[in-house]
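Please look over the structure shown here before reading on. The briefing that follows takes up its charged pairs, the contact between its chains and its sheets in turn.

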Amino acid sequence: MEEMIRLDHVGMRFNLSKEKVDSVKEYVIKLLKRDLHFDEFWALKDINLSIQKGDRVGILGLNGAGKSTLMKIIAGVFRPTEGTVTKKGVIAPMIELGAGFDKQYTGAENIFLYGAVLGHTRAFMQEKFDEIVAFSELKEFIDVPLKNYSSGMRARLGFSIATIVEPDILILDEVLSVGDAKFRKKSEKKIMDMMDKGITVLFVSHNLDQVKRICNKAMILEKGCMKCYGDIEDVVPVYKEMIG
Amino acid sequence: MIQEWKRYNNLFVELVRKGIKLKYRRSYLGVIWSMIEPLLTMIVLTLVFGTILGHHDKTFPVYILSGRLIYSLFSQSTTTALKSIRANEGMIKKVYVPKYMYPLSGIVFNYILFLISLVVLAGVSLVLKVYPTMQIFFAIVPLTVLFLLSIGVGMFLATVGVFFRDMEYLWNVLLMLVMYTCAIFYYPDKLLDSNVSWILKYNPLYCVIDCFRSCIFGTDVHYGMLLYAFIFAVVSIIIGGTLFRKNEDRFILYI
């Protein structure tokens with residue numbers, strides 16, 4: 001088996017200051033009064049993880065357990081405070097669809113912009129343009145500025161662009177609930193097709209049925225620590241017990 | 001790093017394109033604004049300061065315009081860079097993109113608009129019979145120094161701006177001081193002869209402006225000043241760049 005993602009002793013610390021010091025004046029005053037203290041908060045502690053090629057891992061946990069932080073560390077948005085992350089291949093992070101969209105830009109312009117964010121060339125995006133527009137079903141709105149889109153339309157466009165290439169690793173953070181029922185079905189099918197081709201998936205969801213349907217492995221995060229990691233059949237009962 | 005640049009150079013182009021496109025979106029005159037605006041200020045400044053200071057020199061408008069164009073490029077590009085990280089907060093929090101893209105693309109798009117607005121300078125010069133000499137080609141040197149200076153100062157401000165929000169206001173005040181000490185709408189001779197000549201001489205932006213004007217009017221270039229501005233720019237890039245690199249991973253925790 002080929003190892004796609006490996007995390008060694010990964011920890012992520014945030015400074016939660018009660019009052020945010022973000023002006024020079026405040027900073028100097030507090031420095032002089034020796035009043036500059038932060039409350040440390042470890043969102044993740046000592047996470048060790050190895051994910052093999054073709055694994056579809058469900059990430060379970062209550063709100064604030066560190067699920068999104070973990071996804072963002074793997075996607076490279078956060079650099080962990082300690083520990084190392086090793087990863088292989090192209091990662092498609094679908095943490096929030098349409099990150100990188102500009103509201104004043106039209107749908108068409110945003111396709112090129114978001115494509116560039118994901119590392120595609122302009123020529124490639126031109127080639128795939130029609131396919132993206134067709135999948136998103138937004139043909140008649142494509143020259144309208146994005147600020148006039150509904151949130152569902154925005155998510156549909158984001159999804160259509162993000163899935164235009166087959167990545168090696170797909171990170172899905174609560175995004176399978178985008179759009180209306182019809183589009184949800186369509187997007188789930190697209191992701192299933194991708195999975196059948198053996199890509200690695202990290203899937204964050206509160207919907208246990210969906211996790212069971214999609215994943216073969218699962219992990220539980222609790223207050224920043226990994227509670228357990230293993231085959232889905234073994235983990236789900238533990239989680240059920242946890243949530244009562 | 002080279003690999004990273006390869007992967008993201010298209011994004012860089014897109015960000016520059018976005019900056020230019022959105023600046024004049026939904027305005028009827030579009031990019032022409034970047035020519036009208038300096039032209040209008042030139043007229044006002046010429047009327048006001050030409051009268052007050054008694055400069056009835058016919059080429060005074062060219063003098064004003066050349067200084068003002070350079071100053072406004074510096075002020076706009078550094079201000080854009082200063083705000084760039086916060087302005088792209090949404091993107092930074094959700095996808096990985098090399099962070100230097102944001103301030104740098106802001107500086108580049110302002111610089112491109114600046115180059116377009118130089119057309120006005122050429123037009124006004126010809127109308128007022130300030131004809132170019134061979135020396136005009138040397139103008140590329142101060143313009144390059146100006147670009148480097150904007151990058152260095154911009155990277156520094158982009159970093160500091162993340163941690164201290166009031167930097168925006170502070171920088172506005174500083175920019176105003178820089179403007180008054182750039183000899184944009186007055187002749188510097190009296191000041192240069194006085195014992196406060198350092199106000200001008202150690203202002204790198206004034207050095208750039210002075211050198212640029214020499215190229216336009218075909219007078220002697222003060223190489224010492226140009227060298228000083230160049231060294232200042234390089235040092236600012238080293239300091240700004242290092243500061244940015246050292247802190248970029250922490251940006252996300254502060255925005």
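**Salt bridges, interface and sheets**

A search over all chains of the whole structure finds 20 salt bridges, a salt bridge being a side-chain nitrogen of Lys or Arg within 4 Å of a carboxyl oxygen of Asp or Glu. The model is a predicted one, in which local features need pLDDT of at least 70 and side-chain atom pairs count only at pLDDT 80 or more, while totals for chains, interfaces and linings use all residues; side-chain values use heavy atoms, with hydrogens and water left out. Residues are numbered from 1 along each chain as its sequence is written, and chains are lettered from A and ligands numbered from 1 in the order in which they are written.

**Charged pairs between the chains**

- Across the interface of chain B and chain A, the rule finds five salt bridges.
- One salt bridge brings together the side chains of A:Asp102 and B:Lys18, at 3.0 Å from N to O.
- This pair joins two chains, because A:Asp102 lies in the loop between β5 and α3 (107–117) of chain A whereas B:Lys18 lies in helix α1 of chain B; helices (H or I, at least four residues) and strands (E, at least two) are DSSP runs, numbered from the N terminus.
- The side chains of A:Arg79 and B:Asp249 also meet in a salt bridge, again with an N to O distance of 3.0 Å.
- Side chains of opposite charge can pair when their charged atoms come close.

**The interface as a whole**

- In chain B, 29 residues are in contact with 36 residues of chain A, where contact means heavy atoms within 4.5 Å.
- About 2,900 Å² is buried between chain B and chain A, and carbon and sulfur atoms give 55% of that area; buried area is the accessible area (1.4 Å probe) that two parts lose on being put together, summed over both.
- Ten residue pairs, both residues at pLDDT 80 or more, are found in polar contact across this interface; a polar contact is a pair of N or O atoms within 3.5 Å, and within protein one must be able to donate a hydrogen and the other to accept it, with residues adjacent in sequence counting only if both atoms are side-chain atoms.
- On the side of chain B that touches chain A, at least two residues come from each of α1 (2–23), α4 (89–92) and α11 (223–254) of chain B.
- Helix α1(B) gives the most to that side, with ten residues.
- The residues of that side divide into 15 nonpolar, two polar and twelve charged; Ala, Val, Leu, Ile, Met, Phe, Trp, Tyr, Cys and Pro count as nonpolar, Asp, Glu, Lys and Arg as charged, and the others, Gly among them, as polar.

**The six-stranded sheet of chain A**

- Six strands of chain A form an open sheet of mixed pairing, in the order β5-β6-β7-β3-β8-β9; two strands pair if DSSP finds at least two bridges between them.
- The edge strands, each pairing on one side only, are β5 (91–94) and β9 (225–231) of chain A.
- From one strand to the next the twist averages 15 degrees, angles running from 0 to 180 degrees between N-to-C directions of axes that are lines fitted to C-alpha atoms, for helices over the stretch in contact.
- Strands β3 (residues 56–61) and β7 (residues 200–204) of chain A pair in the parallel sense over four bridges, and A:Ile59 stands opposite A:Val204 in β7(A).
- Strand β3(A) also runs parallel to β8(A), to which five bridges join it, and A:Val57 stands opposite A:Lys217 in β8(A).
- Strands β8(A) and β9(A) pair in the antiparallel sense over six bridges; in their hairpin, which has two residues between the strands, A:Lys223 takes a positive phi near 50 degrees.

**The three-stranded sheet of chain A**

- Three strands of chain A form an open antiparallel sheet in the order β2-β1-β4.
- Its edge strands are β2 (39–52) and β4 (82–87) of chain A, each of which pairs on one side only.
- Strand β1 (residues 3–16) of chain A pairs with β4(A) in the antiparallel sense over five bridges, and A:Gly11 has A:Glu82 as its bridge partner in β4(A).
- Helix α2(A) packs on this sheet and touches β1, β2 and β4 of chain A, its direction making about 120 degrees with that of β1(A).
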